[in-house]
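Please take a moment to look over the sequence and the fold together before reading on.

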Amino acid sequence: MNLHYLEKKYGIRINLLGWSGDAYETGTLQALIKIESTDTGRMLLESIAYHIRVHPGNLAHGILEIRPYAEGDCNASTAPDITTKAGRMIQPVVHFWPKAYTTGGSCSKYLDDHKDETGGVLPDEALFHEFVHAFRMAAGVATLAPIARGGLSNYEDEEEFIAVLVTNIYITDPSNKSHSRLRRDHVSFKTLESDLDQSFTFFRSSVSTYRLVERFCRENPGFTKNLAQVKASFNPIAAFYQDPVQAWIYANSEASESRDALGPDDWDIYSEMRKYSADSPWAGNGEKVFKKWFGKKTPK
Ligand SMILES: [Zn+2]
């Protein structure tokens, strides 16, 4: 078997399962090479390699395997071989299908029909997203905890929240030269709402945002401290480490509470309608008026 040097370096194996066609190996390698060419990508791969060394039992055969994704839809997945009695998902296997993104593939067809969906749609971004799941499982901290809070409900569960969040940092990492746009949640590839797309304002997504980010940083201190150093234009992890009080205040603002009460979709409609109202708090210039309207609890 002819291993690519990146497979050897990070303990990753592209398992062809006898599949030689469809540019599966070259397409997967291309995405891997792209990920490795960025600061955030190398941090993630090094963290995966670290857990492979330190917690080999969390990986099947002591490696991270990538296999062809066979569902045929515009997706990829990371499945744990084992879920422990305590509910921890370990021994991840990544399933990825680069051809889905080429002309005529399921993703390119989907995106043709959904022109407003441009967040996190590139093949390396999809593979990076799966690597975040794999990293969390390799670290032994991934659980299948559903998200209860309204404002984050379209992320579906906590692991998806983390995967979408970290991939968004990767997307705005300045060392990442070709990227799509910030993804807003896990149920579509729509872009992140403009009132949530800054490192601190992201915490207004829900009152739960602070707790989830805080726990992610506690569970993966090495990776998140490195991530905080990335000069990405969207980096809520850096915001959390720099000024946790400010992050907490954003998460506990009235905006977050309203978003939790309305849910993200109704919140969008509500926000959009306010823009067109003559005495709208948005009628002037966005952010400043927005904060004033939401009152004293909303931070500067
Ligand atoms: Zn995912």
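This is a predicted model: local features need pLDDT of at least 70, side-chain atom pairs count only at pLDDT 80 or more; totals for chains, interfaces and linings use all residues.

Residues are numbered from 1 along each chain as its sequence is written.

The protein has 13 helices and four strands, where helices (H or I, at least four residues) and strands (E, at least two) are DSSP runs numbered from the N terminus. Its radius of gyration, taken over C-alpha atoms, is 20 Å, close to the 19 Å that the globule rule (2.2 Å times the number of residues to the power 0.38) gives for 300 residues, so the protein is as compact as a globular protein of that length.

Strand 4 (residues 89-96) pairs with strand 2 (residues 64-68) through four bridges, and these two run parallel; two strands pair if DSSP finds at least two bridges between them. Within this pairing, I66 has V94 as its bridge partner. Strand 3 (residues 77-83) runs antiparallel to strand 4 and is joined to it by six bridges, with T83 bridged to M89. Five residues lie between strands 3 and 4 in their hairpin, where G87 takes a positive phi near 85°.

Which residues have the most contacts inside the largest nonpolar core? They are I48 and L127, in a core of 72 residues. Such a core is a set of buried Ala, Val, Leu, Ile, Met, Phe, Trp, Tyr and Cys residues joined through C-beta atoms within 7 Å, and a residue is buried if 20 or more other C-beta atoms, placed from the backbone, lie within 10 Å of its own.

Key: A residue is buried if 20 or more other C-beta atoms lie within 10 Å of its own, exposed if 12 or fewer, and partly exposed in between; C-beta atoms are placed from the backbone.
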